Amino acid sequence: MFQAFLIKYGEIGIKGKNRYLFEDALIHQIRHALKEVDGQFRVTKEQGRIYVEALEEYDYEETVGALQRVFGIVGICPTVILEDEGFEKLAQDAVAYLREEYPEGNQTFKVNARRARKDYPMESMEINRELGGRILDAFPDMRVDVHNPRIMLNIEIRQKIYVYSQIIPGPGGMPVGTNGKSMLLLSGGIDSPVAGYMVAKRGVKIDAVYFHAPPYTSERAKQKVVDLARKVSRYAGPVYLYVVNFTDIQLYIYEKCPHDELTIIMRRYMMRIAERIAEKTGSLGLITGESIGQVASQTVQSLAATNEVCTMPVFRPLIAFDKEDIIRISKKIDTFETSIQPFEDCCTIFVAKHPVTKPNIKAIRRSETHLAEKIDKMVEEAIESAELLVVG
Amino acid sequence: MQVYLDNSATTQCFPAAAALVLKALTEDYGNPSSMHKKGVEAEGYIREAKEIIARNLKVREKELYFTSGGTESDNMAVIGCALANQRAGKHLITSSIEHPAVLNAMKHLEEEGFSVTYLPVDEAGRVRLSDLEAALREDTILVSIMHVNNEIGSVQPVGEIGALLKKQGHPVLFHVDAVQSYGKYVIHPGRLGIDLLTASGHKIHGPKGTGFLYKNERVKMRPVVFGGGQEKGLRSGTENVPGIAGLGAAVREIYRDFEARTDRMYMLKELFREEVSRIEGVALNGLPGRESAPHVISAGFSGVRSEVLLHALEERGIYVSSGSACASNHPSVSATLKGIGVKKEFLDSTIRFSLSIHTTEEEIRYTLENLRELLPMLRRFTRH
């Protein structure tokens, strides 16, 4: 029955002169999200409103689902569009609408008319009053409650008349593309896709880098990361995924450095490489899924040791999250099932049994001097040979 | 160079079989149950495949049932026969190194009130006749033993088992899972005392999703799939005509030049075994020569995780499989390898190389060469 959705957006309404930029980005993202839904839609901006109109038969659930993944949307209002055929017809249709949507017919309600077209013969207040009366006549068990109604019947009078009463919550946040771009360090785990999702939610476009270590990690591990990037792209739009072959660097570190420092040193090189690729490709920050204390490499000392190698800001949206909270989000965004596939740990030989948990930055720097002979060239090569996959 | 040594997992389809599949899909696509000419044409494919297989096994055509493959045939045989014969007893015997299609069917029957004896195997992966004899009971109705083990290529004494079972005072059915042996051995169920035999198409260069169950006509079996009553009601569902046609073609082809091809596989297997055992820290599983199957070589490489070696070989174009699946958090160690007493250091370091009639000496030498090169490299980086 609904031919359209009125899109409500929050924060972007307050962005002053830049407002149109945000609205345009939102429209762009909505169009992108609707591409995977069957049916033709028209997305229009009209007097501070964004409407999604279905031009043909469409799948309601699927459409709402797609819109619920568009950051910046606060609410989605399924809307009936009526031709203006006079007030009598409007009243009949409004009653029919309520009968369809609220068959119990015993709720409290309020009519909220808005007359955007000023040549409509009745004023808003008049419409509220008149329509309220008709509804009370039609539904003896309904009551008017102007302060806290169960049903807020919105009537917007424009060229056509838009009727809606439900608000389905959207994801909030800001439209992707309105806050620059950052590079996500994507592993196959639970955390990093969630971190990417969260930063994308603040309007940041996401690129990703994955460190591949054949033969210690398999093709399937890589496929899993591609699958995760695709899941993130359902929210964040197309993701440019850089796959870096990290094997040689890993082996070199393994040969030259103390084994209890392997993980930290590896991570420092991952950050360095990620930052270099980020610089080359226009990202302004890095994103990781780190959370304080989760594993040895994520103690505050370890984070400090990893952090000091880059100058770009590193966004760690999960830093103070408990694992259960992260898992909850990963289930919500449907990355959990993919993340827990067991292909990841095939490179566990590079994890010492007792890794340092409180690395001494000076010691780490000293260990890294053992790599001086070849490491710069290896890093260079790894960056040069990175494979780019466009996902989503 | 591409060297495919994972033929126990699946094989490349014979072009002749694939061509027949295509023809049955695009030209003679009728439903064998249809009354018209198209149906009769389709039925012709099934009849021909049955003829080929019946002649090959020296059984009657009506004793063959086409299925979707080894798993379904195993399930039909084990579950179908257990249910149909439970009035005579509820005891079943199998080995501890069977394929999951048999083991999990047995587990299912245990939940349904049957009791199951799982026979151990010796260090060569063979069931001992004395163990079987001791396990047999008055109420034993079915023994299911695989012919060739998929992980180490050990060959079970199915003829002796068949003979032993026939000597019992009451009928004990004998099911043989021959998925890994059909096409590698000439098998005549009648002579070996086998009542039920499972085979799969894609292990013999036929199409995937095909297989058959041989069932001696006197054996009572209940269906596990219900429907339109095809295959005498024991396997309902429109027949997979293209698959069946391809299966028949593959059977015909795999037994062509059979002895020469088998000799060659044995020669290559021995070459591989001999050369690989010269490399330090390598332990071969199973028996040499004709005492094990011609196509399976199982070897442990100390100090290297099998999955890492597998991927390293893959980078060189060599495809093998690991002895046990790597599930990172709870490594599921192979029951077969454990069953034959493989040492702990090799459990997670075992690789299976499986040959086919297409394998060449050049491919074997290339593989050996790469192993010699990769192993020292990989062993430098081991976990502490």
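Student: Is the crossing of α2(B) and α8(B) left-handed or right-handed?
Tutor: This is a predicted model, in which local features need pLDDT of at least 70 and side-chain atom pairs count only at pLDDT 80 or more, while totals for chains, interfaces and linings use all residues. Residues are numbered from 1 along each chain as its sequence is written, and chains are lettered from A and ligands numbered from 1 in the order in which they are written. A crossing is left-handed if the near helix is turned anticlockwise from the far one by less than a right angle, and right-handed if clockwise. By that rule, the crossing of α2(B) and α8(B) is left-handed.

Student: How are α2(B) and α8(B) oriented to each other?
Tutor: Helix α2 (residues 37–57) of chain B and helix α8 (residues 241–254) of chain B have axes that come within 8 Å and cross at roughly 30 degrees. Axes are lines fitted to C-alpha atoms, for helices over the stretch in contact, and angles run from 0 to 180 degrees between N-to-C directions. Angles under 35 degrees count as roughly parallel, over 145 as roughly antiparallel, 65 to 115 as roughly perpendicular and the rest as oblique. The two helices, α2(B) and α8(B), are therefore roughly parallel.

Student: At what angle do α7(A) and α8(A) pack?
Tutor: The crossing of α7(A) and α8(A) is right-handed. Helix α7 (residues 247–256) of chain A and helix α8 (residues 262–281) of chain A have axes 10 Å apart and pack at an angle of about 140 degrees.

Student: Which residues of α8(A) meet α7(A)?
Tutor: On the side of α7(A), the residues are I249(A), Q250(A), I253(A) and Y254(A). Their partners in α8(A) are L262(A), I265(A), M266(A) and Y269(A).

Student: What is the radius of gyration of chain A?
Tutor: Chain A has 13 helices and 15 strands, where helices (H or I, at least four residues) and strands (E, at least two) are DSSP runs numbered from the N terminus. The globule rule, 2.2 Å times the number of residues to the power 0.38, is compared with a radius taken over C-alpha atoms. For 392 residues the rule gives 21 Å, and chain A is more spread out than a compact globule because its radius of gyration is well over that, at 27 Å.

Student: What box do the C-alpha atoms of chain B fill?
Tutor: With 384 residues, a compact globule would have a radius of gyration near 21 Å, and the 21 Å of chain B agrees. Along the principal axes, the C-alpha atoms of chain B fill a box of roughly 65 × 55 × 40 Å.

Student: What percentage of the residues of chain B count as buried?
Tutor: A residue is buried if 20 or more other C-beta atoms, placed from the backbone, lie within 10 Å of its own, exposed if 12 or fewer, and partly exposed in between. For chain A, 40% of the 392 residues count as buried. For the 384 residues of chain B, the value is 48%.

Notes. Contact = placed C-beta atoms within 7 Å.
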